Amino acid sequence: MSDWVLGQFSDEHKLLEAARELSQESQGRVETYSPFPLDGASQAVGLRRSRLPQLALVFGLGGAAAAYLIQWFANAVNWPLNVGGRPPHSAPSFIPITFETGVLISAFAIFFGLWLLLGLPRPYHPVFEVEAFRSASTDGFWLSVEAEQPSLGEKVAERLRALGARQVSIVSEQS
Amino acid sequence: MDPAARDNLLDPIPLIAGRQDSDSLTRIIFNPVWEKTRPGWWLLFLLGLGGTGLLIAAISVTLAQGIGSWGNNVPVAWAYGITNFVWWIGIGHAGTLISAILLLLQQRWRNSINRFAETMTLFAVMCAGMFPVLHLGRPWFFYWLIPYPNRMKVWPQFRSALPWDVVAVTTYFTVSLLFWYVGLVPDFASLRDASNTRVKRIVYGIFALGWRGSSRQWHQYKIAYLLLAALATPLVLSVHTIVSFDFAISQLPGWHSTIFPPYFVAGAIFSGFAMVLTLVIPARRALGLQEVITLKHIDNMNKVLLATGLMVGYGYLMETFIGWYSGDKYELFAVTNRALGPYRLVYWLLIFCNVLAPQVFWSKGMRTNVIVTWIVAVLVNVGMWSERFVIIIVSLHRDFLPSSWAMYRPTWVDWSLLAGTIGFFGTCFLLTLRFLPIISATETKELNKELREERAEASAA
């Protein structure tokens, strides 16, 4: 159970400035919300590099290897067919499917890996309790602090107002 | 000097017209989704449904009666089925090109048209996919194309170009769908938050997956989107290359040619851009999107059309030259038969539509004239269909042995399948226009912010 303190900022510069300050004060996890990705938001809240590229590479190579193995097993080992004297294991003609399958598996890994890393789908979230938060996907710049101790909620709200936030509200998460 | 005049001097035709902010852009882009259904939409939708009905009728006849209901017969074993397949799949190439390649090249004019092109890609690939499956003769056994362990103990023959095609086209469709959906999620969240009824909020909310637009989400999202674009870029080039292998690795004069892969890819981009223009020009007017799809976008697309048109023209020239230079009498015959044989009208139509018509775009006045652009784009669509007709039917109908020469005549089923897929494509597209924002609101807002910052910097300096 924790308290979510939310506040809206008038522009992205003030938002990022506040995010930077609050991240250093460590009163809870800081998160910014914007209708489009903001340059510097990841640094402001201190995120590490994404693991998605490694995931994509591993699955892409794995998919390509599996595709080659299936073709080799089917056409050269399990049921070799002599078509015009061409060798049953003819690597050049296995390349197109190997490449395409690598791309396919890698794309699946990126797609499902993304939702897994983001914890989506998640239809409910405490921030949605605030009606004005609807503007976060249209033109609003919002910031939230997840205060782990309920006693901190009011203090963080005060701090947010001091940093220039409007519409500051506190949502208590039900456990 | 006042700021508006200075903007005009810096950038004569802007990417986003007028002074917009995030709120006004959201309103412009979402308005077609929120407004009441217009009578014009219903009219076109009914027309599209009629076409879809014709498609269903033609497919039923094909299934009940067999491929005999088509005009194909030896020597023209591949006729409209494959012509339509290659035509549609070519149209489907602009989507990923605009989305992925132009994203990696940081071409900002893609932002207003990428969703358009991606949506078009999905439906075009659906239309394309129908033809090879129907052409199987017994389409209910299509799953034999997939390598699965079975009691018949048979496997697909992977040394043939046709299984390559299956994998390439299904991969292309799947990756395009994932890319399209990932791009749509922030817009679904925006639709969810802007919707005025509970039903809309729930439906858009389900598709939005609970997107909040938080820094942690954007952090992973940006990487995922870039990675998908990086994968889609070689994919788009490989798909039409593999389609061209269907022809290029065979021995038939007119098909057996190493120029096919690059020439097919250029042709695919050419026809894809032509189809985007064909759809974008009426849609931007009808839906009031002139502020976000400006003449700058149309100008740039016309430049791509001109460039790829020249590449395709070079392909035609080289085919003819190699036909003569090879010294092979069958190759030479294939070339002369195209230009002077019984189907010569189709060949000259293709030269007119694909090589001559786009030359008007050397002039800036023509590139920014929407009516001229639309007419040329439609001509290019016709020309690219004729190109596939010439490659497939004209090469097949007179091959090595004069005793086996024959003429090909399409039946009503052939024509209905072509017209029916156009109707189906239109129906799907109209439904998208009705329920989804056809321009990425997220990317347009981001671009608007960048453009405004640049303007601010320019006026400060």
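A: Let's start with H2(B) and H7(B), which are roughly perpendicular to each other; that label covers angles of 65 to 115 degrees, while under 35 is roughly parallel, over 145 roughly antiparallel and the rest oblique. Helix H2 of chain B takes in residues 22-34 and helix H7 of chain B residues 161-194. Their packing angle is about 80°, and their axes are 12 Å apart. An axis here is a line fitted to C-alpha atoms over the stretch in contact, and angles run from 0 to 180 degrees between N-to-C directions. Helices themselves are DSSP runs (H or I, at least four residues), numbered from the N terminus.

So who touches whom? H2(B) brings Thr26(B), Phe30(B) and Val33(B), and H7(B) brings Ser190(B), Leu191(B) and Ala194(B). Being in contact means that the C-beta atoms, placed from the backbone, lie within 7 Å. An α-helix has 3.6 residues a turn, so residues three or four places apart point the same way. By type, the contact of H2(B) with H7(B) has 4 nonpolar residues, 2 polar and no charged. Nonpolar means Ala, Val, Leu, Ile, Met, Phe, Trp, Tyr, Cys or Pro; charged means Asp, Glu, Lys or Arg; the others, Gly among them, are polar.

Keep in mind that this is a predicted model, where local features need pLDDT of at least 70 and side-chain atom pairs count only at pLDDT 80 or more, while totals for chains, interfaces and linings use all residues. Residues are numbered from 1 along each chain as its sequence is written, with chains lettered from A and ligands numbered from 1 in the order in which they are written.

Elsewhere in chain B, Gln107(B) is in the loop between helix H5 (93-104) and helix H6 (114-135). Gln107(B) counts as exposed because 12 other C-beta atoms lie within 10 Å (12 or fewer is exposed, 20 or more buried, in between partly exposed, with C-beta atoms placed from the backbone). From Gln107(B) to Ile392(B) is 36 Å, C-alpha to C-alpha.

Technical notes. Helix = DSSP H or I, 4+ residues; strand = E, 2+ residues; numbered from the N terminus. Contact = placed C-beta atoms within 7 Å.
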